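Student: I would like to go through this model one label at a time. For each label, please give me the value and the cut-off behind it.

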Amino acid sequence: MKQDLYHQLNPYIRLKETEILAPAFYEQLIAADLPKIKELLNTTVYGNYLTADFPNDFAAVLNKELLASYSELVERAPVPEVVFIFTMRFTLHNLKVLTKAHYIGENFDHLYLPDGFYSLEELKHAIDTGKSAVLPSSILDSINEVREYLLESAILQGIDVIYDRGFLKEQRRLGELLGYPELLQEIITFIDLTNIITALRCVLQNRSQAFLTAVLSSSGSIPKETYLSFADKEITALRDYLLTSEYADLLKDAIGGETINFARLDQIKDNRLTEMFASAQTQAFGPLPLLAYLNAKEIETKNLRLIVTGKRSGFTNEQIKERMRITYDI
């Protein structure tokens, strides 16, 4: 059975879970000032990367630890593509940065982030030639769509739109190919919530149907055409539809009032995915513990970034707590 592939990895994942920061530790961080936060983090896996200018360098610190974890798991995972579901966002970042560098004649190689799969040289070759022997065909399709787009337009924002849409398409394709129901459901939920947030922003900004067609993904469970029907309507029409959809209970806290709370929507999206993986604590087989660990590292990164950025920006402890993503005790 495919599930049995993980019987050697999952005990190791349980060991790695002991490094995940507990809710009580976050309480200590939120109550501390920046020097004390650095002192506390020195006792964790992040201590290996902390610099003298820790508050200003913290984003790089988080990326180093995240990428170190991913690189290790790419080597250990029986199906490395499961890890790529999470590291693909670094591939996306790299494609955006390197494509823009190529077309404006600059060198942004220093912004490249290792994703555990595709080297700087491989990505630059694909962008330069439109060909690749290693990249998935759907990602290569996005690269070539960008190449065609830039033959007619000099607006670099279109690069992000094309790559973002291709990213979601590749997530869905890979989820179906791997055949793990838990992973596919997480991906579909992620795409749906991403589409919902994007559609709400676009309708509020009176964007055209053509614009919505360009920025929305067709890979979710709610057809793209459903969102397009609200292009020329008031935001209340889209909101009312969403409050009768399968996501109504999830969204009502953010869209049920007079205004749309987009910060809360982003928080809801992250929390929903964490809740979906919470059952991994009782799973001994299959990829769910690996997926839950990868998600926990993502959430940990977001929470730590929020705390340090919040402290630097003068947020109160309560303001930071309100924006925190949920975690669970391992």
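**Labels and their cut-offs**

Student: Why is Lys16 called buried?
Tutor: Lys16 has a relative accessible area of 10%. Buried means under 20%, exposed over 50% and partly exposed in between, with a 1.4 Å probe and protein chains only, so Lys16 is buried. The model is a predicted one, in which local features need pLDDT of at least 70 and side-chain atom pairs count only at pLDDT 80 or more, while totals for chains, interfaces and linings use all residues. Residues are numbered from 1 along each chain as its sequence is written, and side-chain values use heavy atoms, with hydrogens and water left out.

Student: What makes Lys16 and Glu19 a salt bridge?
Tutor: Their closest N and O atoms are 3.2 Å apart. A salt bridge needs a side-chain nitrogen of Lys or Arg within 4 Å of a carboxyl oxygen of Asp or Glu, so the pair qualifies. Glu19, at a relative accessible area of 32%, is partly exposed. Lys16 and Glu19 also belong to a network of salt bridges with Glu72 and Arg76. The structure as a whole holds 22 salt bridges.

Student: Why does the bridge of Asp160 with Lys100 tie together separate parts of the chain?
Tutor: The bridge itself rests on closest N and O atoms 3.0 Å apart. Asp160 lies in helix 8 (residues 157-178) and Lys100 in helix 5, so the pair ties together parts that are 60 residues apart in sequence. Helices here are DSSP runs (H or I, at least four residues), numbered from the N terminus. Asp160, with a relative accessible area of 21%, is partly exposed, and Lys100, with 22%, is partly exposed as well.

Student: How do you know that Asp270 is linked to Lys302?
Tutor: Asp270 and Lys302 have their closest N and O atoms 3.0 Å apart, and they form a salt bridge. Asp270 is in helix 14 and Lys302 in helix 15, so the bridge connects parts that are 32 residues apart in sequence. Asp270 counts as buried at 7% relative accessibility, whereas Lys302 is partly exposed at 31%.

Student: Why are helix 9 and helix 14 called roughly antiparallel?
Tutor: The axes of helix 9 (residues 181-204) and helix 14 (residues 262-277) come within 10 Å and cross at roughly 175°. Axes are lines fitted to C-alpha atoms, for helices over the stretch in contact, and angles run from 0 to 180 degrees between N-to-C directions. Angles under 35 degrees count as roughly parallel, over 145 as roughly antiparallel, 65 to 115 as roughly perpendicular and the rest as oblique. Helix 9 and helix 14 are therefore roughly antiparallel.

Student: Which residues of helix 14 meet helix 9?
Tutor: Among them are Phe262, Asp266 and Phe277 of helix 14. Contact means heavy atoms within 4.5 Å. The residues of this contact divide into ten nonpolar, three polar and five charged. Here Ala, Val, Leu, Ile, Met, Phe, Trp, Tyr, Cys and Pro count as nonpolar, Asp, Glu, Lys and Arg as charged, and the others, Gly among them, as polar. Asp266 is partly exposed, with a relative accessible area of 28%. Leaving out residues up to four places away in sequence, Asp266 touches Ile197, Arg201 and Arg325.

Student: How do you know the orientation of helix 4 and helix 15?
Tutor: Helix 4 (residues 54-76) and helix 15 (residues 288-313) have axes that come within 10 Å and cross at roughly 175°. These two helices are therefore roughly antiparallel. Their contact includes Leu73 of helix 4 and Leu290 of helix 15, and its residues divide into twelve nonpolar, four polar and five charged.

Student: What makes a set of residues a nonpolar core?
Tutor: The members are buried Ala, Val, Leu, Ile, Met, Phe, Trp, Tyr and Cys residues joined through side-chain atoms within 4.5 Å. The largest such core has 57 residues, and Leu9, Leu73 and Leu290 are among those with the most contacts inside it. Helix 5 (residues 81-104) supplies the largest share, ten residues. Another core, of 26 residues, lies apart from it and includes Leu193 and Phe230.

Student: Why is Asn206 called exposed?
Tutor: Its relative accessible area is 65%, so Asn206 is exposed. Asn206 lies in the loop between helix 9 and helix 10 (209-215).
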